[in-house]
Amino acid sequence: MINPKVRRTLVLVHMYFAAFMAPAFLLVALSGGLYLLGNKGSVQSEPLALPADSALNFQSDTLESDIRALLESAGVDHKFEYVKAKGQQAETRPTSRTYIEFSQSGQGLQATVNKPSLQYAMMELHKGHGPKLFKLYQMLVALALLGVVLGGLAVGLLAQSYRRKVLITSGVGLAVFLALSLLA
């Protein structure tokens, strides 16, 4: 039998963590649910005029500062935290707000200013493409979720009256997870 004070403390910690995580889970449920229903959001794109003969080396260690210098020379005031480069493309991040995409082609360096809709912005946050501070928050939420799940299981398993129900429900959940993940 578990000490009632320990159980009460575990339940309170479980409740506080769950309440702290509620906004993050509402974002994930809403953005992910809409995405799965086909509403992926949209991005309004406009070409950005760059100075003649502009060029970027997307493999350069100084790409971020090169982009900042290029935007300044073009008279563009755009705040961003970092750059994500892949192949002959790069984009400023976060992409959960207005961002600029650069691409190198036979016609030279092209740039596009992209303004995401609310759903697109939420999905970018969902995928971890938001501001660095928000990404840190998401990591804390992930750790808190682990604590809530393990704490909830512990509280359920430590209480004699809930133990059987928790074991059965966990077993069914595991079976559904395995069945659906192996079918994919």
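Is glutamine 110 buried, partly exposed or exposed? The close-up views below, taken from a predicted model, begin with this residue.

**View 1. Glutamine 110 in strand 5.** Glutamine 110 is partly exposed, its relative accessible area being 37%. Beyond its neighbours within four places in sequence, glutamine 110 is in contact with Leu50, Glu101, Phe102, Ser103 and Ser105. Serine 54 stands 56 residues from glutamine 110 in sequence, yet the two C-alpha atoms are 8.8 Å apart in space.

**View 2. The largest nonpolar core and phenylalanine 102.** This core has 16 residues, and those with the most contacts inside it are Leu56, Ile67 and Phe102. At least two residues of the core come from each of helix 2 (63-73), strand 4 (99-105) and strand 5 (108-116). Helix 2 gives the most, with 4 residues. Setting aside residues up to four places away in sequence, phenylalanine 102 touches Leu56, Phe58, Ile67, Leu70, Leu71, Gln88, Gln89, Ala90, Thr92, Leu109, Gln110 and Ala111. Another core, of 5 residues, lies apart from this one; Met21, Ala24, Val141 and Ala144 are among its members.

**View 3. Phenylalanine 80 in the loop between helix 2 and strand 2 (82-86).** With a relative accessible area of 8%, phenylalanine 80 is buried, because a residue counts as buried under 20%. Not counting residues up to four places away in sequence, phenylalanine 80 touches Glu64, Ile67, Arg68, Leu71, Thr92 and Arg93. Threonine 95 is 15 residues away from phenylalanine 80 in sequence and 9.2 Å away in space, C-alpha to C-alpha.

**View 4. Backbone details in two loops.** Arginine 93 and proline 94 are joined by a cis peptide bond, with omega at about 10°. Proline 94 has its place in the loop between strand 3 (89-93) and strand 4. Aspartate 53 belongs to the loop between strand 1 (43-47) and helix 2. Although aspartate 53 is not a glycine, its phi is positive, at about 60°. Aspartate 53 is exposed, with a relative accessible area of 80%.

**View 5. The crossing of helix 1 (residues 4-36) and helix 4 (residues 132-158).** Two packed helices are described by the angle between their axes and the distance between the axes. For helix 1 and helix 4, the axes come within 8 Å and cross at roughly 140°. Helix 1 is therefore oblique to helix 4, and their crossing is left-handed. On the side of helix 1, the residues that meet helix 4 are Arg7, Leu10, Val11, His14, Phe17, Ala18, Phe20, Met21, Pro23, Ala24, Phe25 and Leu27. Their partners in helix 4 are Phe134, Tyr137, Val141, Ala144, Leu145, Val148, Gly151, Gly152, Val155 and Leu158. By class, this contact has 18 nonpolar, 3 polar and 1 charged residues.

View 6. The axes of helix 1 and helix 3 come within 9 Å and cross at roughly 115°, and the crossing is left-handed. Leu27, Val28, Leu30, Ser31, Gly32, Leu34 and Tyr35 in helix 1 meet Gln119, Met122, Met123, Leu125 and His126 in helix 3. The contact of helix 1 with helix 3 has 8 nonpolar, 4 polar and no charged residues. Glycine 128, which follows helix 3, has a positive phi near 85°.

**View 7. The packing of helix 4 with helix 5 (residues 160-183).** The axes of helix 4 and helix 5 are 5 Å apart, and the angle between them is about 130°. The two helices are therefore oblique to each other. In helix 4, the residues of the contact are Leu153, Gly156, Leu157 and Leu158. These meet Gln160, Tyr162, Arg163, Val166, Leu167 and Ser170 in helix 5. By class, the residues of this contact divide into 6 nonpolar, 3 polar and 1 charged.

Terms used. Residues numbered from 1 in each chain as written. Predicted model: local features only at pLDDT ≥ 70, side-chain atom pairs only at ≥ 80, totals over all residues. Heavy atoms only, no water. Axes fitted to C-alpha atoms, helices over the stretch in contact; angles between N-to-C directions. Parallel < 35°, antiparallel > 145°, perpendicular 65-115°, else oblique. Left-handed = near helix turned anticlockwise from the far one by under 90°. Contact = heavy atoms within 4.5 Å. Nonpolar A, V, L, I, M, F, W, Y, C, P; charged D, E, K, R; others polar. Core = buried A, V, L, I, M, F, W, Y, C linked by side-chain atoms within 4.5 Å. Buried < 20%, exposed > 50% of the residue type's maximum accessible area, 1.4 Å probe, protein only.
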